[in-house]
Amino acid sequence: MSVPAEKKEKISVPFDYNKYLRPGKLPHIWCPGCGHGIVLKAMLRAIDKLGIDKDNVCVVSGIGCSSRTPGYVDFNTLHTLHGRALSFATGIKLARPDMKVIVVTGDGDALAIGGNHFIHTCRRNIDITALVFTNAIYGMTGGQYSPTTPLESIATTSRYGNIEPPFDTCEMAKAAGATFVARGTAYHTLELEKTIYEALMHKGTSVVDIIDACPTYFGRMNKYKSATHMMEAMEKDGTVSVKQVDKLPPEKVAGKMLRGVLHKIDRPEYCEQYALLVQEKAQAKSK
Amino acid sequence: MGDAAKKLPRIEINPKLCKGCSICVDFCPTNVLEMRGTCVAVKDLAACTRCQLCDLRCPDFAIQVFD
Ligand SMILES: Cc1ncc(C[n+]2csc(CCOP(=O)(O)OP(=O)(O)O)c2C)c(N)n1
Ligand code: SF4
Ligand code: SF4
Ligand code: SF4
């Protein structure tokens, strides 16, 4: 019997994550309520939308809780050195420009030890997507403050409150030359999926700053009651969409981070420029 | 259509994967779920609107809702 069209649309089919997960690797190592798992799921749905073969995707990471991601996914994967994921990814992309190269990195991995690689990747505008899992702490090593820990927050290394002003990851990526810069949160998971998809579709360096929660360290030390409480306070109430910001009174925007696509321009991409140069020199030689 | 014809969704929970964070319970708009010890359980299946929020925000691939 045929089902009427409008009814068909209502039938909910949950996403088949197993298609992209390595069998037998779950449960993952992340703590109960850790935002990294929510971000991973949004990433898999976004990659699925690309409709490309799994073998044409490469996921690269450094070191940290977030950097454990490649161990769970069934793509080409590389788990590298702390802060160096973008450098390995640059090599992969130059060797295989046809490959979709995605870097999964923590805020510490990307911006502290890896800060130099981060700015120079953006400067080159090489076609890589960097997903920065920003939990504002070093999760893996026990909760030391990171370059994105907010002022006055407690960390293992800032028992009296952090006195270092944090980076705005998006402003930094933009200033360094990234041609697609966006922010999302684990709470706004469907919006995040769309933002990651747009980043993956962009030609050039794309950076998505993803606010997610580390309930074990940041949460406990800063008196959040639960992962849910963190998602509500930091992700839902702590951010505002760029699409709404102009319609809101200033007091509703003050102190909040912007979500959505914040910067998108066209600029020559590194691998293409490299190929052009090689071609030009080869032609000159054969004349 | 009468109530008898109303088809209930199927909520699949994987107790081997659920870490008991309670995110799905807290964000379910219609109070379908509850924590039983360290694993989530269905309390009121008839109230489920199939919105998928529990699945979308579960960090552990532990809950899915089928029509
Ligand atoms: C060269 C080097 N220095 C320091 C470390 C120790 N270390 C491991 S993970 C980490 C920070 C991880 O924080 P982040 O990148 O924010 O990821 P998260 O664990 O919060 O997801 C550090 C300092 C290391 N593994 N290698
Ligand atoms: S320590 Fe923090 S970042 Fe690491 S798995 Fe646990 S909750 Fe997640
Ligand atoms: S699908 Fe929606 S209504 Fe049903 S249990 Fe999940 S969150 Fe609740
Ligand atoms: S969100 Fe997932 S892991 Fe957390 S309680 Fe619900 S099913 Fe379990």
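1. Burial in chain A first: of its 287 residues, 52% are buried, where buried means under 20% relative accessible area, exposed means over 50%, and partly exposed lies in between (1.4 Å probe, protein chains only). Bear in mind that this is a predicted model, in which local features need pLDDT of at least 70, side-chain atom pairs count only at pLDDT 80 or more, and totals for chains, interfaces and linings use all residues. Residues are numbered from 1 along each chain as its sequence is written, chains are lettered from A and ligands numbered from 1 in the order in which they are written, and side-chain values use heavy atoms, with hydrogens and water left out.

2. On confidence, the model has an ipTM of 0.94 and a pTM of 0.96. Chain B has an average pLDDT of 94, and 93% of its residues score at least 70; pLDDT is the predictor's confidence in each residue, from 0 to 100.

3. Next, the overall build of chain A. It holds 11 helices and eight strands; helices (H or I, at least four residues) and strands (E, at least two) are DSSP runs, numbered from the N terminus. Along the principal axes, the C-alpha trace of chain A spans about 70 × 65 × 45 Å.

4. Chain B has two helices and four strands, in the order β-α-β-β-α-β from the N terminus. With a radius of gyration of 12 Å, close to the 11 Å from the globule rule for 67 residues, chain B is as compact as a globular protein of that length. Its C-alpha atoms fill a box of roughly 40 × 20 × 15 Å along the principal axes. As for burial, 43% of the 67 residues of chain B count as buried.

5. Now ligand 1. There are 17 residues around it, and Cys65(A), Ser66(A), Gly108(A), Asp109(A) and Gly139(A) come nearest; a residue is near a molecule or strand if one of its heavy atoms lies within 4 Å of it. Helix 4 (residues 107-113) of chain A gives the largest share of this shell, four residues. By class the shell has six nonpolar, nine polar and two charged residues. For the classes, Ala, Val, Leu, Ile, Met, Phe, Trp, Tyr, Cys and Pro count as nonpolar, Asp, Glu, Lys and Arg as charged, and the others, Gly among them, as polar.

6. Have a look at the oxygen atoms of ligand 1. One is 2.7 Å from a backbone N or O atom of Asp109(A), and a backbone N or O atom of Ile137(A) is 3.0 Å from an oxygen atom of the ligand. In the side chain of Asp107(A), an N or O atom lies 3.2 Å from a ligand oxygen. Taken alone, ligand 1 exposes 590 Å², and the protein buries 73% of that; accessible areas come from the Shrake-Rupley method with a 1.4 Å probe, and for residues only the protein chains shown count as cover.

7. Ligands 3 and 4 sit among chain B residues. Around ligand 3 are, among them, Cys28(B), Cys48(B), Cys51(B) and Cys54(B), in a shell of eight nonpolar, three polar and one charged residue. Around ligand 4 the residues include Cys18(B), Cys21(B), Cys24(B), Cys58(B) and Asp60(B), and that shell divides into eight nonpolar, two polar and two charged.

8. Last, some backbone points in chain A. Leu26(A) and Pro27(A) are joined by a cis peptide bond, with omega about 0°. Asn125(A), not a glycine, has a positive phi near 55°, and this residue is buried at 0% relative accessible area. Glu152(A) also is not a glycine and has a positive phi of about 75°, but Glu152(A) counts as exposed at 68% relative accessibility.

Definitions and conventions:
Polar contact = N/O pair within 3.5 Å; in protein donor to acceptor, adjacent residues only side chain to side chain. Rg over C-alpha atoms; globule rule 2.2 N^0.38 Å.
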